[in-house]
Amino acid sequence: MAVHSTTHAASPEEGLRAVVALHQLADRLEFEYVQEALRAGMSWQQIATILGVSRQAAHKKYAKRIDPSIPIPRRHS
């Protein structure tokens with residue numbers, strides 16, 4: 001798949017480094033917004049739905065990294 005853009009990296013290596021930097025930025029932003037969503041009282045299911053993943057996938061990816069002072073909503077049995 002060809003990517004057409006008005007901006008081009010000087011080399012494929014530069015382009016790939018830029019892609020890596022964008023992925024890292026996106027990952028950091030996603031983590032920060034997951035924490036903000038939990039602070040706002042959103043459930044893991046709500047967060048997962050927005051992210052387009054399962055509740056289990058969202059929980060597995062973030063639960064151990066979340067600020068421990070954030071009250072995490074629990075699933076009701």
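Student: Why is tyrosine 33 called exposed?

Tutor: In this predicted model, local features need pLDDT of at least 70 and side-chain atom pairs count only at pLDDT 80 or more, while totals for chains, interfaces and linings use all residues. Residues are numbered from 1 along each chain as its sequence is written, and side-chain values use heavy atoms, with hydrogens and water left out. Buried means under 20% relative accessible area, exposed over 50%, and partly exposed in between, with a 1.4 Å probe and protein chains only. Tyrosine 33 has a relative accessible area of 59%, so tyrosine 33 is exposed.

Student: Which helix holds tyrosine 33, and what makes a stretch a helix?

Tutor: Tyrosine 33 is found in H1. Helices are DSSP runs of H or I with at least four residues, strands are runs of E with at least two, and both are numbered from the N terminus. The protein chain has 3 helices and 0 strands, in the pattern α-α-α along the sequence.

Student: What makes glutamine 35 buried?

Tutor: Glutamine 35, also in H1, has a relative accessible area of 6%, so glutamine 35 counts as buried. Leaving aside neighbours within four places in sequence, glutamine 35 is in contact (heavy atoms within 4.5 Å) with Arg65, Ile66, Asp67 and Ile70.

Student: Why does histidine 59 count as partly exposed?

Tutor: Its relative accessibility is 35%, and therefore histidine 59 counts as partly exposed. Histidine 59 lies in helix H3. Its C-alpha atom is separated by 9.0 Å from that of glutamine 45, 14 residues apart along the chain.

Student: How do you know that the buried residues of H3 line one face of the helix?

Tutor: The buried residues of H3, which spans residues 55-62, are Arg55, Ala58 and Tyr62. Seen down the axis, they fall within an arc of 70°, so they line one face of H3. The arc is that of the directions from the helix axis to the C-beta atoms. As background, an α-helix has 3.6 residues a turn, so residues three or four places apart point the same way. The buried residues of H3 pack against H1 (12-39) and H2 (44-51).

Student: What puts the buried residues of H2 on the same side?

Tutor: In H2, the buried residues are Trp44, Ile47 and Ala48. They cover an arc of only 100° around the axis, which puts them on the same side of H2. Thr49 and Ile50 are exposed on the other side of H2. The cover over the buried residues of H2 includes H1 and H3. Just after H2, glycine 52 takes a positive phi of about 80°.

Student: How do H1 and H2 cross, and which hand has the crossing?

Tutor: The axes of H1 and H2 come within 10 Å and cross at roughly 145°. Axes are lines fitted to C-alpha atoms, for helices over the stretch in contact, and angles run from 0 to 180 degrees between N-to-C directions. The crossing of H1 and H2 is right-handed. A crossing is right-handed if the near helix is turned clockwise from the far one by less than a right angle, and left-handed if anticlockwise.

Student: Which residues meet where H1 contacts H2?

Tutor: From H1, Glu30, Val34, Ala37 and Leu38 meet Trp44, Ile47 and Leu51 of H2. The residues of this contact divide into 6 nonpolar, no polar and 1 charged. Ala, Val, Leu, Ile, Met, Phe, Trp, Tyr, Cys and Pro count as nonpolar, Asp, Glu, Lys and Arg as charged, and the others, Gly among them, as polar.

Student: How many residues does the protein chain have, and what share of them is buried?

Tutor: The protein chain has 77 residues, and buried residues make up 17% of them.
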